[in-house]
Amino acid sequence: MRLSGPPRSVVVVGAGFIGLEVAATARRLGHEVTVVEAQPRALARALTPHMSARVVAEHRAQGVRVLLGREVSALYGDAENRVQVMELGDGERIAAELVVVGVGVLPDTRLALTADLVVGDGIVVDERLRTEDPDIYAVGDCARFPSPHAGRHIRLESVQNATDQARCVAAAICGEPYAYTAVPWFWSEQYAMRLQMAGLTAAHDETVTVGDPDGGRFSVLCFRAGRLIGVESMNRPADHGIARRLLTTGTQLAPATAREPGFDLKKLPRTPSTAQGRPAVHA
């Protein structure tokens with residue numbers, strides 16, 4: 001994929017992190033950019049509605065056309081099979097000299113199936129990342145593991161998860177096994193937005209926003225049944241670091257406390273960053 005050169009009409013299918021990062025890069029290089037997303041909002045699986053809306057607003061402010069709740073029906077090319085036009089489900093046609101599709105991935109489990117291992121949206125492993133065969137481990141985007149933060153088996157696609165799981169398996173091979181309990185965290189940089197997420201927020205039932213949303217420097221604290229389960233931060237790196245520490249140590253933070261006037265995560269008492277006897281790994 002080449003984004004350098006003269007301005008072109010670029011269409012990105014999928015408003016997830018990869019799609020929006022490509023859109024931001026293309027726009028900063030001077031291209032005309034359209035993002036097409038089938039879901040009613042961007043980053044629906046990853047961010048709360050508040051943070052999602054703020055990200056979309058910034059893309060639109062930068063000149064990106066963001067189409068939500070729209071699906072692609074066809075691509076049309078020239079005599080040399082180079083794409084020229086994209087047609088949407090409602091019949092609208094969009095100039096598209098370059099199309100980038102970022103709609104997710106499927107784990108490649110063919111080798112695991114050949115080895116008669118249990119698979120199901122990934123290679124199923126236990127808390128020490130062992131497959132059904134205790135001599136075989138699986139880590140990274142393909143591994144479906146029991147997460148204490150989600151309360152179920154999940155599969156995570158992130159650099160942090162892959163590297164932390166690799167450390168866990170390396171320790172086991174060296175005779176120092178432990179259960180994988182690392183707090184998930186993610187990041188994305190788009191324009192001047194630095195997005196950082198700690199924990200898993202999909203099952204939240206309450207949120208508290210702190211900071212300065214109008215100024216683009218704020219965090220969304222996500223709670224489930226009164227317990228902090230994740231924090232999304234925009235241009236508040238200190239909040240992100242503190243959130244990871246709180247989630248790692250299991251420090252209690254009530255929604256009512258977060259709503260108090262003048263509340264600031266940085267003013268919370270500091271506690272050691274440990275998790276079940278293992279040092280927390282920080283980037």
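How many residues does α4 have, and how far does α4 reach from its first C-alpha to its last? The helix has 15 residues and reaches 21 Å, close to the 21 Å expected at 1.5 Å a residue. That expected span is 1.5 Å times one less than the number of residues in the helix. The labels come from DSSP runs, numbered from the N terminus, with helices being H or I runs of at least four residues and strands being E runs of at least two.

A word on the ground rules. This is a predicted model, in which local features need pLDDT of at least 70 and side-chain atom pairs count only at pLDDT 80 or more, while totals for chains, interfaces and linings use all residues. Residues are numbered from 1 along each chain as its sequence is written, and side-chain values use heavy atoms, with hydrogens and water left out.

Back to α4. Its buried residues are Gln160, Asn161, Asp164, Gln165, Cys168, Val169, Ala171 and Ala172. They cover an arc of only 155° around the axis, which puts them on the same side of α4. The arc is taken from the directions that run from the helix axis to the C-beta atoms. Here buried means under 20% relative accessible area, exposed means over 50%, and partly exposed is in between, with a 1.4 Å probe and protein chains only. An α-helix has 3.6 residues a turn, so residues three or four places apart point the same way. Val159 and Ile173, on the other side of α4, are exposed. The buried residues of α4 pack against β9 and β11, where contact means heavy atoms within 4.5 Å. Just after the helix comes Gly175, with a positive phi of about 90°.

Helix α1 spans residues 17-28. With 12 residues, α1 reaches 16 Å between its first and last C-alpha, close to the 16 Å expected. Gly19, Leu20, Val22, Ala23, Ala24 and Ala26 are the buried residues of α1. Those residues pack against β1 (9-13), β2 (32-37), α2 (49-61), β7 (98-101) and β11 (185-190).

Next come the aromatic rings. Two aromatic pairs turn up in the structure. Rings of Phe, Tyr and Trp (its six-membered ring) pair if their centres lie within 6.5 Å; planes under 30 degrees apart count as stacked, over 60 as edge-to-face and the rest as tilted. Phe145 and Tyr180 make an edge-to-face pair, with 5.5 Å centre to centre and 80° between the planes. This pair links distant parts of the chain, 35 residues apart: Phe145 is in strand β9 (residues 143-147) and Tyr180 is in the loop between α4 (159-173) and β11. Both Phe145 and Tyr180 are buried. The rings of Trp185 and Trp187 have centres 5.6 Å apart and planes at 35°, so that pair is tilted. Trp185 counts as buried at 11% relative accessibility, and Trp187 counts as partly exposed at 42%.

Trp185 also has a charge over its ring: Arg244 lies over the face of Trp185, at 4.0 Å from the ring centre. For this, NZ of Lys or CZ of Arg must be within 6 Å of the ring centre and within 35 degrees of the ring normal. Likewise, Arg93 lies over the face of Tyr76, at 4.3 Å from the ring centre. Tyr76 and Arg93 are both among the contacts of Val85, a residue found in strand β5. Val85 is partly exposed, with a relative accessible area of 23%. Val85 and Ala96 are 11 residues apart in sequence, with their C-alpha atoms 4.8 Å apart in space.

Charged side chains come last. Side chains of opposite charge can pair when their charged atoms come close. The structure holds 16 salt bridges, each being a side-chain nitrogen of Lys or Arg within 4 Å of a carboxyl oxygen of Asp or Glu. One of them joins Arg65 and Glu92, with the closest N and O atoms 2.8 Å apart. Here too, distant parts of the chain are linked, with Arg65 in strand β3 (residues 65-68) and Glu92 in the loop between β5 (83-88) and β6 (93-95), 27 residues apart. Arg65 is partly exposed at 38%, and Glu92 is partly exposed at 24%. Another salt bridge brings together Arg82 and Glu80 (3.2 Å, N to O).
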